[in-house]
Amino acid sequence: TVIIPPQVEEPAPVKLTANGGGIPNGKLYKTNEDYQGNYQFAPIEEAQVSRAMIKRYFNTLYERAISDVVVIGAGSAGLSCAYHLSKSRPDLKITIIEASVAPGGGAWLGGQLMTPMVIRKPAEKFLEEIGVPYEDEGNFVVVKHAALFTSTLLSKVLAMPNVVLMNATAVEDLIILPDPLNPSSQRVAGVVTNWTLVALNHDTQSCMDPNVITAPVIISATGHDGPMGAFSAKRLVSTGLVKELGNMRCLDMNRAEPNIVNGTREVVPGLIMAGMELSEHSGMNRMGPTFGAMIASGKKAAIEAMKILDK
Ligand code: AHZ
């Protein structure tokens with residue numbers, strides 16, 4: 001077969017037009033990857049850049065207003081959960097909501113403002129699965145830089161076709177409805193979101209209405225208490241669904257890690273809690289800078305989500 005190359009034209013002069021259509025779409029212009037002083041880009045109009053982003057972003061918001069699973073928080077627990085869930089169930093629409101601009105939560109550092117990351121066995125199996133090298137110290141392993149873990153996991157999660165990540169977006173409330181299966185009880189049925197910069201300004205501006213995403217399963221992994229952390233745990237208390245917070249207990253690595261993993265569960269109908277948010281909800285110890293429990297809690301949350309969806 002003879003392949004006829006597309007016709008390539010000299011770059012068009014970029015001119016401003018009222019309708020933003022000065023450079024026809026689909027027409028190929030000459031480019032030149034020359035680092036000796038003649039590097040030439042295909043031309044573009046500023047409005048084309050905006051439209052390329054806007055139409056995808058708002059189509060995503062429109063499409064994901066109804067999701068199968070919402071993961072709140074893209075820290076190490078939330079990302080591990082999204083990885084296992086999206087891999088096991090490519091049919092699910094999984095939407096991750098992250099309040100910060102940068103997804104990854106606290107795991108960009110290994111802890112104590114230091115970069116190496118400690119992971120206790122047997123959670124090192126997950127490192128092998130995603131291809132993160134480590135040094136074996138016997139009962140635990142060390143990744144040379146926590147950012148290697150976070151960036152690798154993030155890249156795997158974002159490459160999943162069924163995962164969407166909305167960062168710079170905060171969950172500012174939960175949707176709680178009578179449970180259709182059991183009308184005398186209530187069920188978490190979705191989340192209320194807003195751009196984080198808006199969510200932080202409700203005290204200064206009135207009526208900046210939020211969006212909603214409904215889903216049969218919500219997984220909350222918002223970390224321990226902080227400016228936004230432990231979000232769902234605190235909201236469940238203020239709605240009366242949970243009597244009081246258990247509050248995070250002091251550091252004890254050997255108690256904390258198995259308790260967090262084994263305690264990962266559906267804490268109220270429709271809402272699974274994972275990672276360090278659980279320590280605030282259920283009164284568990286913190287583990288400090290060891291990350292195996294976040295990895296395994298994320299996986300357990302994914303398993304629990306599949307059980308609910310399969311009912
Ligand atoms: O930005 C938060 C972070 O990325 C995000 N988040 C919090 N509230 C949110 C909200 N809407 C959307 N309302 C929100 N996103 O949730 C993420 C939580 O990540 P994290 O790294 O803080 O929590 P984790 O449970 O995944 O990992 C905890 C790591 C810790 S803390 C700890 C200790 O203190 O002893 N030890 C470990 C391993």
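How far is a nitrogen atom of the ligand from a polar backbone atom of methionine 228? The separation is 3.1 Å. The points below concern a predicted model, and they begin with the ligand.

1. A nitrogen atom of the ligand lies 2.9 Å from a polar backbone atom of valine 171. For alanine 99, a backbone N or O atom is 3.0 Å from a nitrogen atom of the ligand. On its own, the ligand would expose 800 Å², of which the protein buries 89%.

2. Shell around the ligand. The ligand is surrounded by 28 residues, and Glu98, Gly106, Met276, Arg286 and Gly288 are the closest. Sorted by class, this shell holds 13 nonpolar, 13 polar and two charged residues. At least two residues of the shell come from each of H2, S2 and S7. The greatest contribution is that of S7, with three residues.

3. The largest pocket. The ligand sits in the largest pocket, whose volume is about 1,000 Å³. Its lining comprises 45 residues, and those closest to the pocket centre are Gly105, Gly106, Thr222, Gly223 and His224.

4. Elements of the lining. Two or more lining residues are given by each of helix H2 (76-88), strand S2 (94-98), strand S7 (169-179) and helix H6 (231-239). Strand S7 gives the most to this lining, with four residues; S7 also gives the most to the shell around the ligand.

5. By class, the residues that line the largest pocket are 21 nonpolar, 18 polar and six charged. For the shell around the ligand, the corresponding counts are 13, 13 and two.

6. Backbone geometry to inspect. Most residues other than glycine have a negative phi, and most peptide bonds are trans. Two sites in the model may be examined with this in view. The peptide bond that joins lysine 121 and proline 122 is cis, with omega of about 15 degrees. Proline 122 belongs to the loop between strand S3 (117-120) and helix H3 (124-130). Leucine 113, a residue other than glycine, has a positive phi, near 60 degrees. Leucine 113 is placed in the loop between S2 and S3.

Methods: Residues numbered from 1 in each chain as written. Predicted model: local features only at pLDDT ≥ 70, side-chain atom pairs only at ≥ 80, totals over all residues. Heavy atoms only, no water. 1 Å grid on protein atoms, 1.4 Å probe; cavity = no way out; pocket = protein on both sides within 12 Å on 5 of 7 lines; lining within 4 Å. Points joined across faces, edges and corners; volume = space filled by probe spheres on them. Nonpolar A, V, L, I, M, F, W, Y, C, P; charged D, E, K, R; others polar. Near = heavy atom within 4 Å. Polar contact = N/O pair within 3.5 Å; in protein donor to acceptor, adjacent residues only side chain to side chain. Areas by Shrake-Rupley, 256 points an atom, 1.4 Å probe, with all protein chains shown as cover. Sits in = over half its atoms within 2 Å of the grid points.
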